[in-house]
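Please look over the sequence and the model before reading on.

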Amino acid sequence: MAGNRGRGRAAYTFNIEAVGFSRGDKLPDVVLKPPPLFPDTDYKPVPLKTGESEEYILALKQELRETVKRMPYFMETPEEKQDIERYSKRYMKVYKEEWIPDWRRLPREMMPRKKCKKGSKPTKMKDTDKGTSLTNTADVLKKIEELEKKGDGEKSDEENEETEGSKEKNKEDEDDEDDAAEQEEYDEEEQEEENDYINSYFDNGDDFGVDSDDNMDEATY
Amino acid sequence: MTQAEIKLCSLLLQEHFGEIVEKIGVHLIRTGCQPLRVIAHDTETSLDQVKKALCVLIQHNLVIYQVHKRGVVEYEAQCSRMLRMLRYPRYIYTAKTLYNDTGELIVEELLLNGKMTMSAVVKKVADRLTETMEDGKTMDYTEVSNTFVRLADTHFVQRCPIVSATETAEPTPPPPAPTLVINEKDMYLVPKLSLIGKGKRRRSSDEDAAGEPKAKRAKHIESKEPIPDDGIYWQANLDRFHQHFRDQAIVSAVANRMDQTSSEIVRTMLRMSEITTPSCAPFTHPLSSNEIFRSLPVGYNVSKQVLDQYLTLLADDPLEFVGKSGDSGGGMYVINLHKALASLATATLESVVQERFGSRCARIFRLVLQKKHLEQKQVEDFAMIPAKEAKDMLYKMLSENFISLQEIPKTPDHAPSRTFYLYTVTVLSAARMLLHRCYKSIANLIERRQFETKENKRLLDKSQRIEAIIASMQATGAEETQLQEIEEMITAPERQQLETLKRNVNKLDASEIQVDETIFLLESYIESTMKRL
């Protein structure tokens with residue numbers, strides 16, 4: 001299979017004419033950059049169709065584009081506040097109808113749960129909900145502490161898994177009851193220390209943190 | 001789903017429903033079936049917003065849900081349905097040509113809202129029609145209902161699946177999601193409603209700031225009345241519209257190839273098989289020449305003999321749109337739907353090659369199409385084009401994937417000198433390639449249009465504000481000179497700029513509509529071919 005390589009002239013294994021050029025032809029230069037982004041085309045595109053129906057469909061399309069923006073299905077991202085209040089904004093506000101889907105046709109988890117107002121005294125219901133979710137993690141933490149004390153490695157793993165499994169299942173059951181607002185509050189609670197002190201009661205005083213140590217020469221006593 | 005399709009879906013969702021829904025929709029297309037929590041976590045949006053977005057998408061039939069084991073509900077996006085949003089103007093225009101303004105508005109409302117009850121549609125359409133009528137006249141509900149019934153009878157609108165009524169005998173908790181079922185027979189069954197009423201005209205005084213509380217009040221009153229057809233929702237039947245477009249394409253192809261009379265005959269045959277033949281069948285039901293003669297439109301004075309001659313001519317045509325399947329009843333004729341779609345797709349490919357590479361390339365392309373497989377030497381000979389140019393053109397088309405190479409080795413070691421290289425055109429793969437390019441082009445067109453609009457946003461805002469000011473001044477009564485002063489706030493070069501912008505946007509929009517027509521042809525062909533495999 002090595003053939004005559006090195007001896008005499010190189011021979012191609014196929015008919016070179018078939019490729020399109022013969023031996024000794026000047027080949028085009030090697031291209032060292034990617035092809036242009038908008039190459040010139042030899043043939044320009046055919047003009048668009050015009051006619052009554054085409055114009056009507058065009059008008060329909062543009063109207064539809066405007067109409068969908070006013071529909072209640074169009075969810076707008078909240079815009080940043082503009083610096084100057086424009087006079088004409090008053091006349092360009094679009095009042096959108098509220099759309100309520102047919103809940104019977106949707107999965108149960110789609111229904112938004114009633115949000116409790118933030119800062120209000122927690123009702124009993126909320127208390128039990130939060131209580132169960134808090135006690136869940138508190139339970140797990142307590143159990144981990146207990147098991148660490150026991151020093152029983154294998155058993156703790158099993159129990160951990162069980163509690164994890166039950167926690168997951170619990171969480172799934174509570175999925176329907178949990179709600180975005182509740183989750184936020186839950187996170188807040190998590191971050192606070194688990195003690196009896198209510199954060200707002202403690203007043204640090206106005207001077208706390210205001211006086212920074214500009215000159216580190218003096219030592220603080 | 002290809003990247004091009006995903007990009008196009010993303011642009012369409014953004015235009016129709018906003019950024020949040022777009023993010024959720026694109027995430028679902030990319031990842032497949034997902035439960036609610038995973039979507040919220042992966043897209044980093046709040047649960048509340050994800051729920052709202054999913055409600056919107058489900059309402060518009062763009063996302064479906066399924067209950068899996070352990071009670072987890074998973075959501076799946078329907079990418080092909082999302083691409084149909086491009087075609088909404090065409091559907092609405094078709095309804096207008098068939099059922100006038102009433103039909104147009106009914107279909108428009110159904111498309112904009114996804115699904116609606118019949119009473120809601122009738123009420124809304126009557127109100128809208130009353131707005132456009134002269135003072136004092138109102139639109140009656142019965143006329144709108146009649147049009148609705150006609151649309152249902154011809155299958156242009158269909159019922160959505162209904163919530164299956166489960167017996168609550170056992171004290172099990174209700175399922176996490178309802179199962180939706182629909183009986184074939186009930187799909188076009190219109191409930192017996194007696195909708196009596198007239199459209200209400202909205203008075204112009206309602207349009208100012210007091211509009212908002214009034215809308216709320218009106219809704220409150222509405223919700224107290226019981227809706228007679230509660231739970232029965234209707235949606236637009238897009239397949240039926242596609243069938244109509246396909247029929248239109250076939251009829252116009254026949255008209256272009258032969259003459260008006262033959263196209264009328266084909267149109268009659270298609271109309272007769274509209275409801276009897278399912279849309280994906282390769283042939284229509286055989287129709288006898290006598291039946292066709294009886295069903296021809298009344299104004300046509302074509303004698304039986306002439307009709308027979310036309311049918312024979314159509315059946316002998318090499319394009320094979322019409323085929324003869326028997327001799328009873330004066331000759332049984334069918335329309336070869338699959339062959340017709342294949343011819344249309346092939347014609348599209350040929351036209352694209354011609355416009356992109358020139359007529360000589362098109363000659364080579366048609367040659368290879370006709371002869372199925374050709375060697376390079378044979379191409380040069382048959383096409384009567386010099387060797388160098390023929391080679392150049394073949395390679396150009398090969399690099400763009402219109403033509404493919406088939407290797408036939410003579411020896412088991414596939415040595416190039418002892419292998420036949422044959423050029424061939426596989427219509428299916430070329431059609432797929434072209435379809436992909438069409439998706440990319442529409443995405444580019446939409447992007448460019450959005451770019452143009454954003455570039456001139458300041459100018460557009462200014463002109464809108466001035467229009468709003470003029471409108472409010474006219475309402476409060478103002479002098480002509482004041483109005484003129486305000487109009488002059490837009491300078492002449494700015495007007496010029498606005499004109500240019502408008503022209504460009506129109507051109508881009510019209511291009512989108514035309515590319516969509518090509519997409520429809522190619523998609524129908526590919527679908528029809530895949531069903532036969």
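In which helix of chain B is B:Ile486 found? B:Ile486 is found in helix H20, which covers residues 480-487 of chain B. The model is a predicted one, and the values below are computed from it.

B:Ile486 has a relative accessible area of 14%. Because buried means under 20% relative accessible area, B:Ile486 counts as buried. Leaving aside residues up to four places away in sequence, B:Ile486 touches B:Ile466, B:Ile469, B:Ile470 and B:Met473. One of these, B:Ile466, is 20 residues from B:Ile486 along the chain, and the C-alpha atoms of the two are separated by 7.1 Å.

**Confidence of the model**

The scores for the model are ipTM 0.87 and pTM 0.77. For chain B the average pLDDT is 86, and 92% of the residues score at least 70. Among the elements of chain B, H18(B) has the highest mean pLDDT, 95, while helix H9 (residues 211-224) has the lowest, 42. Over residues 167-171, where pLDDT stays under 50, the model has 0 contacts beyond four places in sequence. Over residues 204-224, where pLDDT also stays under 50, the model has 8 such contacts.

**Chain A**

Chain A contains 5 helices and 0 strands. Read from the N terminus on, its elements run α-α-α-α-α. Chain A has 221 residues, of which 18% count as buried. Among its contacts between residues at least 6 apart in sequence, 61% join residues at least 24 apart.

B:Arg449 lies in helix H18 of chain B, which covers residues 427-455. Is B:Arg449 buried or exposed? Its relative accessible area is 3%, so B:Arg449 is buried. The side chains of B:Arg449 and B:Glu15 are joined by a polar contact of 2.9 Å. Not counting residues up to four places away in sequence, B:Arg449 touches A:Lys61 and A:Arg65 in chain A, and B:Glu15, B:Val505, B:Leu508, B:Asp509 and B:Glu512 in chain B.

**Helix H13 and its faces**

Helix H13 of chain B (residues 304-316) has 13 residues, which at 1.5 Å a residue should span 18 Å; its end C-alpha atoms are 18 Å apart, which agrees. Which residues of H13(B) are buried? They are B:Leu307, B:Tyr310, B:Leu311 and B:Leu314. Seen down the axis of H13(B), these buried residues fall within an arc of 100 degrees, so they line one face of the helix. An α-helix has 3.6 residues a turn, so residues three or four places apart point the same way. On the other side of H13(B), B:Gln305, B:Gln309 and B:Asp316 are exposed. The cover over the buried residues of H13(B) includes helices H10 (238-257), H11 (260-272) and H12 (289-295), together with strands E10 (322-326) and E11 (332-335), of chain B.

An unreviewed UniProt entry places the feature "domain: RNA polymerase III subunit RPC82-related helix-turn-helix" at residues 7-66 of chain B. It also places the feature "domain: DNA-directed RNA polymerase III subunit RPC3 winged-helix", again from an unreviewed entry, at residues 349-425 of chain B.

**Residues with a positive phi**

Most residues other than glycine have a negative phi. B:Glu44, although not a glycine, has a positive phi of about 55 degrees. B:Glu44 lies in the loop between helix H3 (36-43) and helix H4 (47-59) of chain B, and is exposed, with a relative accessible area of 71%. B:Met384 is not a glycine either, and its phi is positive, at about 55 degrees. The loop that holds B:Met384 runs between helix H16 (376-383) and helix H17 (387-399) of chain B. With 67% relative accessibility, B:Met384 counts as exposed.

Technical notes. Residues numbered from 1 in each chain as written. Chains lettered and ligands numbered in written order. Predicted model: local features only at pLDDT ≥ 70, side-chain atom pairs only at ≥ 80, totals over all residues. Heavy atoms only, no water. Helix = DSSP H or I, 4+ residues; strand = E, 2+ residues; numbered from the N terminus. Buried < 20%, exposed > 50% of the residue type's maximum accessible area, 1.4 Å probe, protein only. Polar contact = N/O pair within 3.5 Å; in protein donor to acceptor, adjacent residues only side chain to side chain. Contact = heavy atoms within 4.5 Å. pLDDT = per-residue confidence, 0-100. UniProt positions renumbered as here; feature names shortened; annotations may be inferred. Expected span 1.5 Å × (residues − 1). Arc of directions from axis to C-beta.
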